[in-house]
Amino acid sequence: MTGGRGDPGLLDSLVHGSLGWLGEARDFFRLPPDVTTDADPNLTLKPLGELAELTQLIGVLHPREEFRQTARGLFAFAWNETRDGELFAELIRGEPFATYPVELYGVFAQAGLRHAEADALVDTTTRLRGWRVAREDHTRTLGVLNAERRIGLRQHADFGAVLDLTGLGGLPEPWALDRRAAYGVTHDVFHLTDWGRNRQRLSPELAGYLRLWLPSWLENWLEEQLWDLAGELLAVTACLPQAPYPAESWQRLAGARAADGGVPEIGAAPSSGDRAEAFTACYHSTLVTAFAATLARIASDEAEAGRPAGDTTMAGGRTPCESETAP
């Protein structure tokens with residue numbers, strides 16, 4: 001990996017193209033009328049939640065105002081799809097022990113968008129005995145704990161103790177990291193650092209382990225043309241102290257883009273012309289590309305200016321670019 005100074009032109013072109021593609025695909029993020037009953041949340045709520053998570057960050061942190069404006073528009077769209085939070089009250093009433101409504105609501109609560117009934121229900125359900133049961137997926141538990149922090153709830157478990165049980169916390173043998181475990185490691189980092197907002201939470205031990213093995217993992221998944229995971233690993237790279245800039249990896253990811261700015265999850269983008277098929281194949285990897293390029297741009301600017309790296313928040317929870325209110 002080269003030093004921390006990246007290629008702002010390349011990184012900005014990736015954010016620009018990705019946001020443009022997401023804007024064109026906006027209708028595919030809309031929720032169906034039966035979202036609280038029969039709809040598959042992996043095809044409805046999950047895409048919308050990912051859109052909200054990553055555009056909220058870009059809309060606050062990206063150095064370029066035009067990108068922040070575009071991302072804030074997409075984030076406002078996502079909030080509107082929840083009917084200004086009423087959806088979360090309905091989901092929690094229907095599944096009091098389910099974690100996904102709380103995780104999704106936490107994205108908006110962090111931005112200052114609240115719903116009074118959802119707040120009351122979350123406060124009640126997260127105090128129940130059924131909420132405190134052990135979960136096999138420790139990475140997912142980190143996400144739940146992060147959501148509780150965002151909403152302002154008392155965390156139901158110790159974050160550090162859960163982190164120790166995750167794939168990252170166990171410092172797994174790097175040569176045995178399969179695809180599923182690799183996604184787990186990236187999300188351990190995202191939950192620990194609040195999706196790159198507080199990169200200083202990475203301990204020296206974890207940061208050293210990642211710095212040593214990320215180049216090999218990146219090479220492996222780029223060779224497999226798994227652009228989605230490669231993008232997540234590039235985002236993790238940008239979270240490291242004095243973040244390296246793997247120029248060749250970024251160029252290879254950029255080379256995977258379709259003409260319309262979309263980034264396929266794996267291989268080449270669909271060529272059938274079916275927009276629904278293209279959305280399913282590209283939406284997550286395109287979001288990840290915009291997110292990773294934003295973090296890399298921030299890290300590159302820090303290196304250029306000689307600023308301390310790591311914490312993007314200021315006193316009072318504001319960020320250096322946060323001069324606007326939430327949409």
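**Close-up 1. Helices around the largest pocket.** Six helices each put at least two residues into the lining of the largest pocket: helix 2 (45-61), helix 5 (100-110), helix 7 (138-151), helix 9 (179-192), helix 11 (227-239) and helix 13 (275-305). This is a predicted model, where local features need pLDDT of at least 70, side-chain atom pairs count only at pLDDT 80 or more, and totals for chains, interfaces and linings use all residues. Residues are numbered from 1 along each chain as its sequence is written, and side-chain values use heavy atoms, with hydrogens and water left out. Helices here are DSSP runs (H or I, at least four residues), numbered from the N terminus.

**Close-up 2. The middle of the largest pocket.** Lys46, Thr139, Arg140, His187 and His191 lie nearest the pocket centre, out of 45 lining residues. A pocket is found on a 1 Å grid over the protein atoms alone, as an open set of points where a 1.4 Å probe fits, with protein on both sides within 12 Å along at least five of seven lines; lining residues have an atom within 4 Å of a point. The volume comes to about 1,400 Å³, taken as the space filled by probe spheres set on the points, which are joined across faces, edges and corners. By type, the lining splits into 18 nonpolar, 13 polar and 14 charged residues; Ala, Val, Leu, Ile, Met, Phe, Trp, Tyr, Cys and Pro count as nonpolar, Asp, Glu, Lys and Arg as charged, and the others, Gly among them, as polar.

Close-up 3. Buried means under 20% relative accessible area, exposed over 50%, and partly exposed in between (1.4 Å probe, protein chains only). The buried set is Pro101, Val102, Glu103, Leu104, Tyr105, Gly106, Val107, Phe108 and Ala109. They pack against helix 2, helix 3, helix 4 (86-94), helix 6 (116-125) and helix 7, with contact meaning heavy atoms within 4.5 Å. After helix 5 comes glycine 112, with a positive phi near 90°.

**Close-up 4. Helix 1 under its cover.** Helix 1 (residues 8-24) has 17 residues and should span 24 Å at 1.5 Å a residue; its end C-alpha atoms are 24 Å apart, which agrees. The expected span is 1.5 Å times one less than the number of residues. Among its buried residues are Leu10, Asp12, Trp21 and Leu22. The cover over the buried residues of helix 1 includes helix 3 (65-81), helix 12 (247-255) and helix 13.

**Close-up 5. Salt bridges, linked and local.** The whole structure has 24 salt bridges, each a side-chain nitrogen of Lys or Arg within 4 Å of a carboxyl oxygen of Asp or Glu. One network links Asp12, Arg64, Glu66, Arg297 and Asp301. In it, arginine 64 and glutamate 66 meet at 2.3 Å, N to O; arginine 64 is partly exposed at 31%, and glutamate 66 is also partly exposed, at 39%. Aspartate 27 pairs with arginine 30 at 3.0 Å; aspartate 27 is exposed at 53% relative accessibility, while arginine 30 is partly exposed at 41%. Arginine 197 and aspartate 194 pair at 3.6 Å, and both are buried.
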